[in-house]
Amino acid sequence: MNLSKIGLFTITAIVCNIVAVAGQVDYVNTLVGSASSHALSSGNTYPAVAVPWGMNFWTPMTGEMGNGWTYTYQSNQLRGFKQTHQPSPWINDYGQFAIMPTSGKPVFDQNARSSWFSHMAEDAHPHYYKVYLASHNITAEITPTSRAAVLRFTFGNAGMNNIVVDAFDGGSHVTVDAAKRRITGYTTKNSGGVPRNFKNYFVIDVDCDIADAWIVENGYNDTLHAGASATGSHAGAVVSFICNQGTVVTARVASSFISEEQALLNLNELGNDDFDKVKERAENEWNEKLDRVVIEDDNVDAKRTFYSCLYRSLLFPRSLYEINAEGKIIHYSPYNGKVLDGYMFTDTGFWDTFRSLFPLLNLLFPSMNEKIQQGLANAYRESGFLPEWASPGHRDCMVGNNSASVVADAIVQGVTVHDKEILWEAVTRGANANHPRVSSTGRLGWEYYNSLGYVPCDVGINESAARTLEYAYDDWCIYQMGKALGRPESEIAVYKNRSQNYRNLFDPETKLMRGKKKNGGFADNFNPYKWGGDFTEGNSWHYTWSVFHDPEGLINLMGGNSQFAAMLDSVMTMPPLYDDSYYGFTIHEIREMQISGFGQYAHGNQPIQHMLYLYNFCGQPWKTQYWVREVMNRLYKATPDGYCGDEDNGQTSAWYVFSALGFYPVCPGSGQYVLGAPYFNKVKIRLENGKKLTINARDVSDSDRFVQQYLVNGKVHNFNTIDIATLKNGATIDATMGNAPASLHKGTSTVPTKKKRTYLFGK
């Protein structure tokens, strides 16, 4: 057992004077979240074999072709190894194809070629995957670059062995050039969001003579026949090799959304490196990113959870750009089908990821978000709108106009943004228009919102209250962005004023947000436990807190600190009652809330994830400290069932990363974090600007979870927020911990209960 390999210990061999030090990548379990199903999500993830923000991911494939649950931990057969671009099982995939090694008689059908496997013979890492295919006596391995990969197959049986290339249905092509030991082709399979000329071109070079080749044109019901080229509804090929026992065949694979010629260029990412060298490069790339945060703590399980979450936070948004023969950055536009200059990124839903994923990039990897912002500007140039959910182009999914938050937070945090004027044009257009074909892009109901101050619930627009609340926050973001860009107050004041539109939905009788009719009356038959309807994947208890930019305004509406705290308490202590009549069945998000043991607190979905930090604003920060650690301990684990709902492209993981550090971006665009409590004894963060951020909480534990005092750079910090600029300039945070809230101790306490009021209106 190689203990340093799995990151449990650093082994010192005194006799040989050897020290084996594990990198942070060794703490990562890529199988976290994969024990999921349509009915119940434990993350709805798959083990992505990739480099950070890579264009292509690879994954073992347990599901049938087209099944969004491409890999589930509870399965016991593999059908292939898929190049995937899937951000979520609900969105599904595009540009995918699969490779599968087999032994004996050539077969193409996905069930006939499948193999039994065991997790005991599976080795899953971000940079490397290995599994024993028992039905074929083959060991398969994968290691990636951004646009290429190397697959290595060790054939245990002598005689005929094969590699299946499945280009999937929807229109595809495969060509076998035995003389060159090369298979080329394309797949058009997708679940939407692509132009009509969409193709993913691939090239596969093998290092062994091809003895025979068989093809199919029309999928699994077709008969394999000898041939070198197939074009049809579902093309595929099987190439065969005559092997000795233990023969190793390596396949070098690359793809391109631009052309076959570009796919060949992308193959150059591998250079002349063999499998092990490419694996080493990928491992180093992961360690360089993960090592930005170094934890000094004996809690190995929590470190595994942390780095598994950090891994998930560095996969999306996906790079969708390539580099041509002249070294120029180009991309296939998922918006207009043209090949154009510049960056492009995709596979993220801002409804999820504006909350903490993009703020995390702005803190740890601002140079990456610099590129992403250029990609957003290109998306606007090519489609007339910023994306809200992109995969790879605009998708009709979720609500809100949270691209405004993603752009504003980057600018406020000082990320280098090259296209500020274009992005300003983009966010203001998106606030006052709706995409003609994709209702979730721009603002559905913007005319009502701008004239009435809310989207009515009785004009045929669903989830109207959720839209209103998110539009109000997004308007605040536009106002902040306008101030940062020096736009005149006469131009931007309208967004400041609209940011208060959340008040129009507040019902003083229930102290909750409610849908409102066009005539100004509240929606009839109000049930605060009803999911959907006026809200998005949640109920009024979840969405009432979506006033990220003005918690003190919400406190005042509720009647003051004590009333506000009591309402927060109610969320945590009420039974998990629900009304699913809007859907007609119990959606998985409801079930995940019901079984989590946190009352109405539905951490498995995004709308309420910031709520626990709001205790800071009503003078009870110890409740933030208590409940955040409870959520971290009970709803996150580095196991296949390690999430309490959909992981969602890094958002739910980034929540854990921030919370473990001891602060959280309740209001992206504010330039501040709200304080919680550090989870680890010591964390050292290496920032891109060369500065260092150190967080010390020497005595922190599950019992000593309450902050008694904060020191920032040696000075007492009596506020519940901290300026991000302070951290980015290099800082040391010292948290003194105790086993009871500081306010309950006798004597004077310096626990943060005051608020820095720099982003609250009217203060």
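Analyst: A residue is buried under 20% relative accessible area, exposed over 50%, and partly exposed in between (1.4 Å probe, protein chains only). Of the 763 residues of the protein chain, 64% count as buried. This is a predicted model, in which local features need pLDDT of at least 70 and side-chain atom pairs count only at pLDDT 80 or more, while totals for chains, interfaces and linings use all residues. Residues are numbered from 1 along each chain as its sequence is written, and side-chain values use heavy atoms, with hydrogens and water left out.

User: What radius of gyration does the protein chain have, and what would a compact globule have?

Analyst: The radius is taken over C-alpha atoms, and the globule rule is 2.2 Å times the number of residues to the power 0.38. For 763 residues a compact globule would have a value near 27 Å, and the 26 Å of the protein chain agrees with that. Along the principal axes, the C-alpha atoms fill a box of roughly 80 × 70 × 50 Å.

User: Which residues touch the most other members of the largest nonpolar core?

Analyst: A nonpolar core is a set of buried Ala, Val, Leu, Ile, Met, Phe, Trp, Tyr and Cys residues joined through side-chain atoms within 4.5 Å. The largest one here has 202 residues, and Phe-306, Trp-545 and Phe-663 touch the most other members. Its largest share, eleven residues, comes from helix 10 (residues 464–484); helices (H or I, at least four residues) and strands (E, at least two) are DSSP runs, numbered from the N terminus. Apart from this core lies another, of twelve residues, including Phe-198 and Ile-330.

User: Is Met-398 buried or exposed?

Analyst: Met-398 counts as buried because its relative accessibility is 18%. This residue lies in the loop between strand 26 and helix 7, and its phi is near 70°, a positive value in a residue other than glycine. Asn-525, also not a glycine, has a positive phi of about 55°, but Asn-525 is exposed, with a relative accessible area of 77%.
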